[in-house]
Amino acid sequence: MTLRVFISLIFTAFILPVSLWADSARDGFGESSQIESKFFKVSYKPDVSLEGLVTQLNVSKSDEILANLSVDNSSTSKQLATMLDVLFNRASDVLDMHIYSFKGEIKVFATRQELTDFYNNLFHTALPCTGYAFYLADYNSIYVSAEYFRREVIGHEIGHAVMSNYFVVQPSVKIQEVLAGYVEYQLKKSK
Ligand SMILES: [Zn+2]
C-alpha cells in the first residue's frame, strides 16, 4: 500500500465522517438567508434588514485604518461582510491572537426576545455574557439580534470566538469575559 493510498484511507475512515457530522450538527436556528465574508458566514432571519444591520454596526474610518482593511461599499451585503471582517481584525489585534484560517458563523434574530427564547430553549437559563448576544463554541457561532447589532456587542462576541479557536485549553469563563470585555472597551474608546 502506497503512502498516498494509506493517507486517503485514513481520511475516508476518520476525518470525512467527522466533518460530515460537524455539518449536520444543527442548532435549530431555522429558516434564514445567508451572506459570506472572509471570516464569517452570516445567517439572518427573513424579517431582518441588511441596511438596518449596516447602520447599527456603524464601523468607522478609524476602525478601517486600525484593521488595515477597507469597507466595500459596492452593495449592502458586501458592506456588512467587510464591516464584520474589519471588526474581526480589530478584535484579533486587541487580543493579539491571530488565526488566519478562522471561519465562524453569526446568526441574527430580528428581536432580542427571539434570541432569548432560542437560548432558553437550549439551556433553560437567562442569557449569559453581556445579555445582548452570546457565542456557542459547539457551533462556532455568535448569536445576536438585529436590535443590538452594535459594533461593541459584536466585537465582544468575536473576542469570544477568537479565544475559543486560539486556546487549546480554554481559560476560565471569568477570564474569557474579562478579555472579551477588553475588546468591547477598546472598540468603545476608539469610536
Ligand atoms: Zn462575553
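**Close-up views of a predicted model**

View 1. Ser62 sits in helix α3, residues 61-67; helices here are DSSP runs of H or I with at least four residues, strands are runs of E with at least two, and both are numbered from the N terminus. This is a predicted model, in which local features need pLDDT of at least 70, side-chain atom pairs count only at pLDDT 80 or more, and totals for chains, interfaces and linings use all residues. Residues are numbered from 1 along each chain as its sequence is written. Ser62 counts as exposed because it has 11 C-beta neighbours inside 10 Å. Ser190 is 128 residues away from Ser62 along the chain, yet their C-alpha atoms are separated by 7.4 Å.

**View 2. The whole chain.** Here you can find seven helices and five strands. Starting at the N terminus, their order is α-β-β-α-α-α-β-α-β-β-α-α. Of the 191 residues, 31% are buried.

**View 3. Helix α4 from end to end.** The 20 residues of α4 should span 28 Å at 1.5 Å a residue, and its end C-alpha atoms are 29 Å apart, which agrees; the expected span is 1.5 Å times one less than the number of residues. Because 14 of those 20 residues are buried, α4 is largely enclosed by the rest of the structure. Just after this helix, Asp96 takes a positive phi of about 55 degrees.

**View 4. The largest nonpolar core.** This core has 42 residues, and Met83, Leu84, Leu87, Val108, Ile142, Val144 and Ile158 have the most contacts inside it. Helix α4 gives the most to it, with nine residues. A nonpolar core is a set of buried Ala, Val, Leu, Ile, Met, Phe, Trp, Tyr and Cys residues joined through C-beta atoms within 7 Å. Beyond its neighbours within four places in sequence, Ile158 is in contact with Leu87, Phe88, Ala91 and Ile142; contact requires C-beta atoms, placed from the backbone, within 7 Å.

**View 5. Where α4 meets α7.** On the α4 side are Arg90, Ala91, Val94 and Leu95, which meet Leu179, Tyr182, Val183, Gln186 and Leu187 in α7.

How values were computed: Contact = placed C-beta atoms within 7 Å. Buried ≥ 20, exposed ≤ 12 C-beta atoms within 10 Å, placed from the backbone.
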